[in-house]
Amino acid sequence: MTALTALSAEAPTLVQSVDWLAIGPVVITAAVGLAVVVADLFLAERHKPVLGWISVAGLAAATATLLPLRAGDRSTFCLTGDPAACSYVADHFTLVIQFLVLAGALVTALLSVTAVRDTRMPAGEYWFLLLSSAAGAALLPASRDLATLIVALEVASLPAFALVGMRRGDRLSSEAALKFFLSSVTATAVSLMGVSFVYAATGSLHLTQVADRLEDVPGQLDTLAMAGVALTLVGFAFKTAAVPFHFWVPDTYVGAPLPIAGYLSVIGKAVGFTGLILVTVIAFPAYSDIWGPALAVLAALTMTLGNAAALRQSPDRPNSAVRLLAWSSVGQAGYLLVPIAAAAYSGRDQIGSTVAYALMYAAVNLGAFAVAALVARTKPLHRISDYRGLYAERPLAALSLGFFLLCLAGLPPGIIGLFAKVTVFRSAVDAGLGWLAVVMAINVVIALYYYLRWTALLFRTPEGAHTRTRAPWPVAAAIVVTAITAVVLSGAPELILRVTSGSLFAQ
């Protein structure tokens, strides 16, 4: 017995321990999603609204579980032979992105409570899909191997296809869902091929091991490795809506329910940028001379085309407000790409600029969609001209939207928007990408026109009589939360700098 005990003590264990606290935010979100879809089977139709509040409570609980993880030094699902190679890491980068995702999903859920009821969408399916997508989006920043990364990406994306097409009988919704699905599946297939090439060249899927082995790839496998890196990046570039992978954005946003359009513009974009950051600065630093210039060019093209298309939106065209926000999100994606490109030249600490900008963008863009959801209750055509004289009808909503648009433009009093743009601009200059900084400055000036035009419209004299209805309190709460967040951050922008400064990744 003693010999057997000694032998078993010396033998390496193949059983992995699980850090349940580290994976808590993802597990809670997924568990609440399963609870909602099961409860939907037993609830009478008149009681279905309770599913929305269960979902809101679940997302709030998942966000709260980030508090005990503030130290950011946890990891789990590690290889027994190499404890440094883990599939799930809860470092500072993970926690910041998970907060963005879960808080953004919580605001989306508040907006959805009223939307699901008013449009009579199937409640059980809607909330299950939203929570499933949020769980995948929360898993992605913690993923530290390529297999988990792709699985998390698809768990976040697949429910989104169905959410876009949730308005049954709506032709625009069905077309948007189909276009989104086909283009996304194609991009995922390309990424999977890239991942298989990288695995063939390195023999590993863990990001840290891939990075080490790409430093010394045999000559006969170098072309395979480069092709794998390029193909992997294509899929994540699609999720970020970078040019030329942006074509699905405007039609998808127009066809989707407004809360889901806001969700895609923030959480969907965060998913793409998170994956892009992980594969570039952690897995593929050896090929920074390839992806660095490529991302710099993509950033310039994306911000230029996005702002130019937003500039062309006619105020009287149906859905022009949603289309402007869609093209604006493409332009903002260009700014978000700049620090990632800069990381190829001056180190991974530049990633903090992308994270800081993403936090600002999430708060103000979700706020803009919240106001749009409120206005759409009486003016369902979603035209920019529908916002004329909004201040006379709903002064608080008009002031909030005006502030959100000024933040996106980077103008005072939207100091947080100006702060975020300066941070991104500085990252380009520090990396020696002066030409990209110039392109960004030109695009910021171009964007001023359409943001200010919409802002000015809010305070003009209204035309004709206005029909005012009482704002549902969940929508009002979403507007208030995002507005307060934007105002606080504008008063103390160093809060974001404090969160995103230094090294975000576990060493």
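Biologist: What volume does the largest cavity have?
Modeller: Rolling a probe the size of a water molecule over the atoms shows where empty space is left. On a 1 Å grid over the protein atoms alone, a cavity is a set of points where a 1.4 Å probe fits but cannot get out. Grid points are joined across faces, edges and corners, and volume is the space filled by probe spheres set on the points. Here the largest cavity comes to about 160 Å³. This is a predicted model, where local features need pLDDT of at least 70, side-chain atom pairs count only at pLDDT 80 or more, and totals for chains, interfaces and linings use all residues. Residues are numbered from 1 along each chain as its sequence is written, and side-chain values use heavy atoms, with hydrogens and water left out.

Biologist: Which residues are closest to the centre of the largest cavity?
Modeller: Lining residues have an atom within 4 Å of a point. The largest cavity has 18 of them, and Phe180, Lys239, Leu264, Gly268 and Lys269 are the closest to its centre.

Biologist: Which element gives the most to that lining?
Modeller: Helices are DSSP runs (H or I, at least four residues), numbered from the N terminus. H5 (123-139), H6 (146-164), H9 (222-239), H10 (249-255) and H11 (258-283) each give two or more residues to the lining of the largest cavity. H11 gives the most, with 6 residues.

Biologist: How do the residues of that lining divide by class?
Modeller: Ala, Val, Leu, Ile, Met, Phe, Trp, Tyr, Cys and Pro count as nonpolar, Asp, Glu, Lys and Arg as charged, and the others, Gly among them, as polar. The largest cavity is lined by 13 nonpolar, 3 polar and 2 charged residues.

Biologist: What is the volume of the second largest cavity?
Modeller: About 110 Å³. Its 14 lining residues include Leu100, Lys269, Ala270, Phe273 and Ala358, the closest to its centre. H4, H11 and H14 each give two or more residues. H11 gives the most here, with 6.

Biologist: And how much space lies in the largest pocket?
Modeller: A pocket is an open set with protein on both sides within 12 Å along at least five of seven lines. The largest pocket holds about 820 Å³. Of its 26 lining residues, Val96, Phe99, Leu100, Ala103 and Leu359 lie nearest the centre. H4 gives the most to this lining, with 10 residues. By class, the pocket lining has 20 nonpolar, 5 polar and 1 charged residues.
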